[in-house]
Amino acid sequence: MSKIRVYEYAKKNNVSSKDIIHKLKEMNIEVSNHMATLEPEVVEKLDHTYKKKEQKQKPANVAVKPKGFITDFEDEEEVITTKVPIKKGASKNKEGKKHDLQIQQKEKKIFTNKKNKKQRGHEAPQQETQKKKEKELPKKITFEGSLTVAELAKKLGKEPSEIIKKLFMLGIMATINQDLDKDAIELICSDYGVEVEEKVVIDETDFESLEIVDDPADLVERPPVVTIMGHVDHGKTTLLDSIRNSKVTEQEAGGITQHIGAYQVVVNNKKITFLDTPGHEAFTTMRARGAQVTDIVILVVAADDGVMPQTVEAINHAKAANVPIVVAVNKIDKPTANPDRVMQELVEYNLVPEEWGGDTIYCKLSALTGEGIDNLLEMILLVSEMEELKANPNRRATGTVIEAKLDKGRGPVATLLVQSGTLRVGDPIVVGSTYGRVRAMTNDIGRRVKEAGPSMPVEITGLNDVPQAGDRFMVFEDEKKARQIGEARAQKQLLEQRSVKTRVSLDDLFEKIKQGEMKELNIIVKADVQGSVEALVAALQKIDIEGVRVKIIHSGVGAITEYDIMLASASNAIVIGFNVRPDANAKRVAESEKVDIRLHRIIYKVIEEIEAAMKGMLDPEYEEQVIGQAEVRQTFKVSKVGTIAGCYVTDGKITRDSSVRLIRQGVVIYEGQIDTLKRFKDDVKEVAQGYECGMTIKNFNDIKEGDVIEAYVMREVERK
Ligand SMILES: Nc1nc2c(ncn2[C@@H]2O[C@H](COP(=O)(O)OP(=O)(O)OP(=O)(O)O)[C@@H](O)[C@H]2O)c(=O)[nH]1
């Protein structure tokens, strides 16, 4: 006899798994849960019990037939005619909770009338009809989310009042229209001996959030996915190339390496997948899009250069993503190499080598000569083993887009990393918000393949559009479904782009704290000098308000870069710039990723702002609004008054109370206030475009012909 699981046995015998587990307990047989397998002799014992029970139950069932409420109304013509259409309506009308409710209330009324009749002594004929029409208890009921008392009563063919009574006995006070949760439904049903099944409504369009739990027995080991990070010129590309050249070609002679964004090598008969875009970019782009692809980060540090700013960034990226780091101390062939120094420096970042009592693996190597690379690969396998990376290859494939482009000849081309299941040619697929059927699959050496299992990167064609790196994909049962879901997702994405703002911003921070969504505020600090970075970090870490902690996920010297923004986006962080500004790329990305950047010049202001935001007390926000521009055509020096600028308003208007900035050849020379604004001899409040005027600037006389005076005001803007 083949083994059977608890739930399978329960199903076969029409009882709940709980019942079986309970029975087994009585027999002193311990099982962990409904997935546990039953030995044949246990099944035999159970069979014995349940067969006996069945025999006993059969005649009993007839005798204890429940009083269904339909039959209760049997003798009332009027009632029956009301009920028939109601029943139809209620079962067909899917959106009709309201409708249902009205119906139920009607029934309740009827019920009261009937009761009175009952008291008048019509009991004998009623019982007879009852036997004829009485509904049998269903063996099983299903529900989605919850049921009202009335709905449950209907499913069980019972009167709501009976259910209410039962609930009352169980200590639950409920009214007829009250929603019952799963536990209450199960309690009532188990009382009637009816099995319950909760139908989980799955929104397949949101497949990222679906957690498909595999039976541990179906999981098999999968190759690790590795990303190489490190400072500029420390040898990332050289390392990727030399690993690939030494291993790939060895295995697959004749293959021509293709850049598809990732490749696989074989070491000791085991595969390792490398993402071959070095640096943080690929890593953070993926993470910002919610995809966790990398299992292990190789941190490359040149032994002749040591820890550099991007080394630190890489460490922070890996740590923020909770990915283990293996350190590759590179360029040991160089005479100036000093691996020990690298190790010492990295200890400061909690990467303590094993030989010094820590748990970080360090591999000394030369990407150029190839020395130490085999060891690195073995170490990767070791870490991967410790991480117990597994996946189920026997289901429809899911995974992530590594790269995608539009090819002139082939149309949209995407490199997919299969993370679970097996992807096959011909599979109907949704990739991000694109869809199609996998037309052709090519591996990293340009060979056509028919299928790709977990951790394997493949390039596919056959999509209707180009997805984005970091998008997730999923295979569906047929093309129609894939198209439907793909289109729904494209529509949803469009709507989201138009409206939502998902990241944390200081302005909505307080709301999130209040709603308990936030326990840690992630912050990235960039400043002009190391001293400021340290001072700011220390001050920020001291803030403790409403139980929310500030967590500095990255700090560094220099302008705010695109990488900072991507890290912020991936980790839902706020970026603070102290005496530094975002570069153009960073600004652009911050806008599209909706990352909040706060620029300051005084430390206590930063602290004040963060504290205020945490307390929900941010001051109103002001925005500069340029109202006009004037060109300086002539200057007059008047003792006691200073330099008067004879201007022509070229754009907008200049008002007496506006602030001004003096611009000379594109450079802001001075910012201040207007002192006097005159037309001819008269003081005026404003001068419009196309008019001339005379102007002096408070405490500033260095005005020259050709300068541009820009007038602006600060307006309070509504916080977004
Ligand atoms: N001597 C020596 N030179 C190396 C080694 N690894 C890399 N290099 C050299 O270091 C320089 C930079 O190497 P890359 O591989 O381009 O460094 P990278 O980290 O990819 O640099 P970016 O792509 O600019 O971030 C190149 O001139 C390499 O030849 C090594 O192990 N030994």
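## Helices 19 and 20

Helix 19 crosses helix 20 in the right-handed sense. This is a predicted model. Helix 19 covers residues 562-571, and helix 20 covers residues 584-593. Their axes lie 8 Å apart, and the packing angle is about 20°. Angles under 35 degrees count as roughly parallel. That makes helix 19 roughly parallel to helix 20.

Which residues of helix 19 and helix 20 meet? Helix 19 brings E562, D564, I565, M566 and S569. Helix 20 brings N585, A586, V589, A590 and E593. Sorted by class, this contact has 5 nonpolar, 2 polar and 3 charged residues.

## Helices 18 and 21

Helix 18 spans residues 530-542, and helix 21 spans residues 603-615. The two axes come within 10 Å and cross at roughly 30°. Helix 18 and helix 21 are therefore roughly parallel to each other. The crossing of helix 18 over helix 21 is right-handed.

On the helix 18 side, the contact uses A535, L536, A539 and L540. On the helix 21 side, it uses I603, V606, I607 and I610.

## Helices 9 and 10

Helix 9 (residues 160-169) and helix 10 (residues 182-192) pack at an angle of about 105°. Their axes are 11 Å apart. Angles of 65 to 115 degrees count as roughly perpendicular. Helix 9 and helix 10 are therefore roughly perpendicular to each other.

Helix 9 makes the contact with I163, K166 and L167. Helix 10 answers with A184, I188 and D191. By class, the contact of helix 9 with helix 10 holds 4 nonpolar residues, no polar ones and 2 charged ones.

## The barrel

Now to the strands. Strands of a sheet pair through backbone hydrogen bonds, either parallel or antiparallel. In what order do the 6 strands of the barrel close? The order is 15-16-21-19-18-22, and the pairing is antiparallel. From one strand to the next, the twist averages 45°.

Strand 18 (residues 428-431) pairs with strand 22 (residues 472-475) over 3 bridges, in the antiparallel sense. Here V430 faces M474 of strand 22. Strand 18 also pairs with strand 19 (residues 434-442), again antiparallel, over 4 bridges. In strand 19, Y435 is the bridge partner of V430. The hairpin of strand 18 and strand 19 has 2 residues between the strands, and G432 takes a positive phi near 60° there. Strand 19 is joined to strand 21 (residues 457-463) by 4 bridges, and these strands run antiparallel. In that pair, M441 stands opposite I460 of strand 21.

An open sheet holds 5 strands in the order 24-25-23-26-27. Its pairing is mixed. Which strands stand at the edges? They are strand 24 (544-545) and strand 27 (597-600). Each has a single partner strand, so one side of each is left without a neighbour in the sheet.

Strand 26 (residues 574-578) is the partner of strand 27 in a parallel pairing over 4 bridges. Within this pair, I576 sits opposite R598 of strand 27.

## Around the ligand

How many residues surround the ligand? There are 17. The closest are G235, K236, T237, T238 and L368. Helix 11 (residues 236-251) gives the largest share of the shell, with 3 residues.

Terms used
Residues are numbered from 1 along each chain as its sequence is written. This is a predicted model: local features need pLDDT of at least 70, side-chain atom pairs count only at pLDDT 80 or more; totals for chains, interfaces and linings use all residues. A residue is near a molecule or strand if its C-beta atom, placed from the backbone, lies within 6 Å of it. Axes are lines fitted to C-alpha atoms, for helices over the stretch in contact, and angles run from 0 to 180 degrees between N-to-C directions. Angles under 35 degrees count as roughly parallel, over 145 as roughly antiparallel, 65 to 115 as roughly perpendicular and the rest as oblique. A crossing is left-handed if the near helix is turned anticlockwise from the far one by less than a right angle, and right-handed if clockwise. Two residues are in contact if their C-beta atoms, placed from the backbone, lie within 7 Å. Ala, Val, Leu, Ile, Met, Phe, Trp, Tyr, Cys and Pro count as nonpolar, Asp, Glu, Lys and Arg as charged, and the others, Gly among them, as polar. Two strands pair if DSSP finds at least two bridges between them.
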